[in-house]
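These are my notebook entries on a single structure. I record what I looked up, in the order in which I took it up.

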Amino acid sequence: NLSEKLNTIFKKLKGHGHLTEEHINKALKEVKLALLEADVNYKVVKEFLNRVKEKAIGQEVMRSLTPAQQVIKIVRDELTTLMGGSGAELNLKGMPSIIMLVGLQGSGKTTTCAKLAKFLKEKGGKSSYLVPADTYRPAAIEQLQKLGQQLGIEVFPAQNSQTPMEICINALTEARRRGYDAIIIDTAGRLHIDEKMMDELKQLKERLMPQEILLVADAMTGQDAVNIAKTFNQALGITGVILTKMEGDARGGAALSIKAVTQKPIKFVGVGEKLNALEVFYPDRVASRILGMGDILSLIEKAEETMDVQKAKELERKIRKSEFTLEDFRDQLRRIRKMGSLEQILSMIPGLSQMKQFKNLQIDERELVRIEAIINSMTKEERLRPEIINGKRRKRIAYGSGTTVQEINRLLKNYNETKKMIKSFTKKGKKGKRINLIDFFH
Ligand code: GDP
Ligand code: MG
């Protein structure tokens, strides 16, 4: 499958210590094949790769990531953008909100109506009124009624003799009277795109002005689902897509193409026949899942290159025993320099970047060089026991390193703050969970 293939490609890429443009081009060619085999729309693949290539080549080299990691990061970011960036939310501003599900027969509309009502109730505390407006398919009304009964969710008592329009108008009146948060309308599909169906839907849309018109499409049909979404969007205008049967779709081509082709986001995915098998669609998570790595994982890789476990453990032990010396401080600075800015590393750990002690830790390159020079001008004893560095010693160090006493003062202050910060790291965190320095650098 796609995820396995991409993993193999990037593993190979990581195997090269130094990446040439040729390596990157070869890897991207393989990515292209993998996407095409996953049944992603050809045009989408082409544009996607152009964007990745442009970024991969135009990109300033980040010290904190290896070239292979940078390529992976770009692919991950572009995959996320491709699928719609941050997740799309349902518009629930109506009173009630009118949500209309449309799509071909067998795509999963009726089932998804029930799933959605359950989802809104359990995840959002919203009450829904289910509206069976499919008078075309035999027993469609009963199907929804049964599902509603199973879930304890009210279904409008529609009659087969009524038109879909009558059903919807009456249901809406009733929903307003009873104060439901949402009505979810199950509409009639056809086996193929059909003008009569589309006209019916258009009329419903004009009259009801729904907040959401969600196309329900079967992910297993791949590019057919994409084309169906495109046609529905052009003829009717949709607000989003729900892709069903995702659990059976080993390829993922529809999920990857729909946003790019229709400009409409996937809002939910169906992942099974059971009524709880509905998930919000989060492009970033899906992209990470496809590539088989989380944010933290990339952070780990990052740190592993520059610092081995043994050293981290040793350092942690020292800090616990308050032995964090200026020599260790210098080592730390060197590592930070290799990894990129400390701020950048911290920003990848949820929550930590907000802690105020990290706000002023941005250290620039030139300053790092001066700090090293200062520490090198100290005697071994001074490095191990900085508290002995008095005024006279400060003058000597400043002279020896070509800096000023103020700079020595600032460095010592910085060192003390870092010592305190690292100590607080190794103590118990807010929720009683201990954050290890080991965790931090790994
Ligand atoms: P409709 O004709 O569009 O109303 O489709 P239905 O709601 O009647 O669903 C058609 C079939 O697809 C039913 O057997 C559903 O159980 C099944 N189905 C719907 N969503 C999913 C899903 O996410 N996964 C799987 N495996 N089956 C689904
Ligand atoms: Mg149905």
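In which helix is the place of leucine 144? I located leucine 144 in helix α6. The model I am reading is a predicted one.

**Entry 1**

Setting aside neighbours within four places in sequence, I listed the contacts of leucine 144 as Thr110, Cys113, Ala114, Leu130, Pro132, Val155 and Asp186. I also looked up one distance: leucine 144 and phenylalanine 156, 12 residues apart in sequence, are 9.7 Å apart from C-alpha to C-alpha.

**Entry 2: confidence**

The protein has a mean pLDDT of 82, with 78% of its residues at 70 or more. Over residues 294-298 the pLDDT falls below 50, and I found five contacts for this stretch beyond near neighbours in sequence. Residues 345-361 also have pLDDT below 50, here with 16 contacts beyond near neighbours in sequence. Where pLDDT is low, predicted coordinates should not be read in detail, so I took no local geometry from such regions. For the model scores I noted ipTM 0.99 and pTM 0.68.

**Entry 3: overall make-up**

I counted 20 helices and seven strands in the protein. Of its 442 residues, 38% are buried. I then considered contacts between residues at least 6 apart in sequence: 73% of them join residues at least 24 apart.

**Entry 4: the sheet**

In what order do the seven strands of the open sheet lie? I read the order as β2-β3-β1-β4-β5-β6-β7, with mixed pairing. The edge strands are β2 (128-132) and β7 (278-280), each of which pairs on one side only. From one strand to the next the twist averages 25 degrees.

Helix α6, residues 140-151, packs on this sheet and touches β2 and β3 (182-186). I noted an angle of about 160 degrees between the direction of helix α6 and that of β2. Helix α7 (residues 164-178) also lies across β2 and β3, running at about 165 degrees to β2.

**Entry 5: strand β1**

I took β1 next and went through its partners. β1 pairs with β3 in the parallel sense over five bridges, and serine 97 has alanine 182 of β3 as its bridge partner. Strand β1 (residues 97-102) also pairs with strand β4 (residues 212-218), again in the parallel sense, over four bridges. Within that pairing I found methionine 100 opposite isoleucine 213 and leucine 101 opposite leucine 214.

How many residues of β1 are buried? I found that six of its six residues are. In a regular strand the side chains alternate between the two faces of the sheet.

**Entry 6: leucine 215 in β4**

I then moved to leucine 215, which has its place in strand β4. Leucine 215 is buried because 30 other C-beta atoms lie within 10 Å. Not counting residues up to four places away in sequence, I found that leucine 215 touches Val102, Gly103, Ala229, Phe232, Ile238 and Val241. Between the C-alpha atoms of leucine 215 and glycine 237, which are 22 residues apart along the chain, I recorded a separation of 9.7 Å.

**Entry 7: nonpolar cores**

Which residues have the most contacts inside the largest nonpolar core? I noted Leu130, Val131, Ile183, Ile184, Val241 and Leu243, in a core of 91 residues. This core draws at least three residues from each of domain 1 (2-82) and domain 2 (97-289). Apart from it I found another core, of 11 residues, which includes Phe324, Phe329, Ile375 and Tyr415.

Leaving out residues up to four places away in sequence, valine 131 touches Phe156, Ile167, Cys168, Ala171, Ile183, Ile184, Ile185 and Asp186. As general background, I noted that nonpolar side chains tend to be buried together in soluble globular proteins.

Note on methods:
Residues numbered from 1 in each chain as written. Chains lettered and ligands numbered in written order. Predicted model: local features only at pLDDT ≥ 70, side-chain atom pairs only at ≥ 80, totals over all residues. pLDDT = per-residue confidence, 0-100. Contact = placed C-beta atoms within 7 Å. Pairing = 2+ DSSP bridges. Helix = DSSP H or I, 4+ residues; strand = E, 2+ residues; numbered from the N terminus. Axes fitted to C-alpha atoms, helices over the stretch in contact; angles between N-to-C directions. Buried ≥ 20, exposed ≤ 12 C-beta atoms within 10 Å, placed from the backbone. Core = buried A, V, L, I, M, F, W, Y, C linked by C-beta atoms within 7 Å. Domains from an automatic or database assignment.
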